[in-house]
Amino acid sequence: MVSRTEENLEKIKAGLVKLGCNPELVSYIAADITTNEGTDHLVSSLPQDKNIYWVQSIGMGGGSYKVPNDNIYLPFEHISPELIEAEMKIVTATHMLMLKMVPIFRKQIHGGYKSKIVVVTSMSGERGYHFGATHVAAKHAIVGYVKGIEKELRDEGIEIYDVRPGGVDTGMYDNPHTKKAVEEIGQRDKMWGTFEPYYAHPLWVAEAIYDDLFGGNPQKIRKILGPHQN
Ligand SMILES: NC(=O)c1ccc[n+]([C@@H]2O[C@H](COP(=O)([O-])OP(=O)(O)OC[C@H]3O[C@@H](n4cnc5c(N)ncnc54)[C@H](OP(=O)(O)O)[C@@H]3O)[C@@H](O)[C@H]2O)c1
């Protein structure tokens with residue numbers, strides 16, 4: 001596992017162990033993957049004796065800015081150009097890490113092992129909705145990056161998968177401002193038909209990633225939608 005904060009990673013590890021995971025099979029590296037130093041630190045800390053697969057799931061500009069009330073769903077006139085620029089950082093960060101991971105993947109393939117990448121993008125990367133200018137633009141960009149690079153990677157035997165969640169109950173919809181904005185999106189765009197917003201369980205995303213990496217039926221694109229969501 002990778003995130004910027006050692007303390008958070010330790011907490012997540014403790015939670016996984018509590019759920020029954022073997023602590024010896026869960027390890028982490030604290031690194032900011034939007035920076036050159038962070039990606040260097042990450043890549044140089046990866047275990048040499050393991051076959052590496054990469055799951056990329058940072059969002060929201062890689063934590064580089066804070067939006068008021070933690071609500072990214074804003075009418076376009078409330079969106080600053082800086083916010084758009086910060087959100088686009090996920091593409092730059094993904095590319096920066098890609099440049100450093102591909103040599104590792106090539107070595108693995110040369111040694112007879114597989115090399116796989118899953119990028120967690122979003123359903124916001126394939127359709128728009130009210131208050132979505134920041135998020136929809138950034139997620140279309142990361143979906144476009146995966147589409148744009150996949151053929152070159154596959155030429156070398158490196159597999160890349162795009163997992164696109166819709167609304168997932170990871171806590172980001174708990175704050176009242178985001179909740180209100182999403183309810184309004186639901187009503188205006190009929191995103192859940194005539195139903196209230198209903199979020200997918202985070203495990204559904206985890207299962208999709210697991211299936212792509214280890215299952216018998218990997219899919220280039222997976223859409224993870226809660227009941228009634230379109
Ligand atoms: N939740 C949803 O409904 C939903 C729907 C569609 C798509 N998605 C996408 O799915 C992905 C994960 O979403 P989530 O809800 O699980 O988000 P999250 O809870 O905010 O998780 C993001 C993780 O990335 C880490 N991170 C952030 N910036 C980083 C950086 N610069 N370097 C290294 N690690 C960093 C964070 O840890 P630290 O803060 O400790 O660094 C955190 O563990 C995002 O791309 C999101 O846009 C989510």
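# Reading contacts, sheet and core

Colleague: Which residues does Val119 touch, not counting residues up to four places away in sequence?

Modeller: Val119 touches Gln56, Thr94, Ile142, Val146, Ile160 and Asp162. Keep in mind that this is a predicted model.

Colleague: How do I read a nonpolar core, and which residues touch the most other members of the largest one?

Modeller: The general idea comes first. In soluble globular proteins, nonpolar side chains tend to be buried together. In this structure, the largest nonpolar core has 27 residues, and Val119 and Ile142 touch the most other members. Helix 4, strand 4, helix 5 and strand 5 each supply at least two residues of this core. Helix 4 gives the most, with six residues. There is also a second, separate core of seven residues, which includes Ile72, Tyr73, Leu74 and Phe131.

Colleague: Tyr73 is in that list. Is Tyr73 buried or exposed?

Modeller: To judge that, count the other C-beta atoms within 10 Å; at 20 or more, a residue is called buried. Tyr73 has 20 such atoms, so it counts as buried. Its place is in the loop between strand 3 and helix 3, which covers residues 81–87.

Colleague: What does Tyr73 touch, leaving out residues up to four places away in sequence?

Modeller: Tyr73 touches Phe131, Gly132, Thr178, Ala181, Val182 and Ile185. As for distance, the C-alpha atoms of Tyr73 and Ala133 are separated by 8.2 Å, although these residues are 60 apart along the chain. For the protein chain, take the contacts with a separation of 6 or more: residues 24 or more positions apart account for 74% of them.

Colleague: Now the sheet. In what order do the strands stand, and is the pairing parallel or antiparallel?

Modeller: Again, the general idea first. Strands of a sheet pair through backbone hydrogen bonds, either parallel or antiparallel. Here, four strands form an open sheet in the order 3-4-5-6, and the pairing is parallel. Strand 3 (54–56) and strand 6 (221–224) are the edge strands, each of which pairs on one side only. From one strand to the next, the twist averages 15 degrees.

Colleague: How many bridges join strand 5 to strand 6?

Modeller: Strand 5, residues 158–165, pairs with strand 6 in the parallel sense over four bridges. Two residues of strand 6 can be followed here: Lys223 is the bridge partner of Arg164, and Ile221 is the bridge partner of Asp162.

Colleague: Which helices pack on the sheet?

Modeller: Helix 4 (residues 89–110) packs on the sheet and touches strand 3, strand 4 (115–120) and strand 5. The direction of helix 4 makes about 155 degrees with that of strand 4. Helix 5 (residues 133–155) also packs on the sheet, touching strand 4 and strand 5. For helix 5, the angle with the direction of strand 5 is about 160 degrees.

Colleague: How many bridges pair strand 4 with strand 5, and how does the chain get from strand 4 to strand 5?

Modeller: These strands pair in the parallel sense over six bridges. Ile117 stands opposite Ile160 in strand 5. The chain crosses from strand 4 through helix 5 to strand 5, and this β-α-β crossover is right-handed. Strand 5 is mostly covered, with seven of its eight residues buried.

Colleague: Which residues other than glycine have a positive phi?

Modeller: Asn69 is one of them, with phi near 60 degrees. Asn69 lies in the loop between strand 3 and helix 3, and it is partly exposed, with 13 other C-beta atoms within 10 Å. His228 is another, with a positive phi of about 70 degrees. His228 is in the segment after strand 6 and counts as partly exposed because it has 15 C-beta neighbours inside 10 Å.

How values were computed. Residues are numbered from 1 along each chain as its sequence is written. This is a predicted model: local features need pLDDT of at least 70, side-chain atom pairs count only at pLDDT 80 or more; totals for chains, interfaces and linings use all residues. Two strands pair if DSSP finds at least two bridges between them. Axes are lines fitted to C-alpha atoms, for helices over the stretch in contact, and angles run from 0 to 180 degrees between N-to-C directions. Two residues are in contact if their C-beta atoms, placed from the backbone, lie within 7 Å. A residue is buried if 20 or more other C-beta atoms lie within 10 Å of its own, exposed if 12 or fewer, and partly exposed in between; C-beta atoms are placed from the backbone. A crossover is right-handed if, with the strands pointing away from the viewer, the path from the first strand over the helix to the second runs clockwise. A nonpolar core is a set of buried Ala, Val, Leu, Ile, Met, Phe, Trp, Tyr and Cys residues joined through C-beta atoms within 7 Å.
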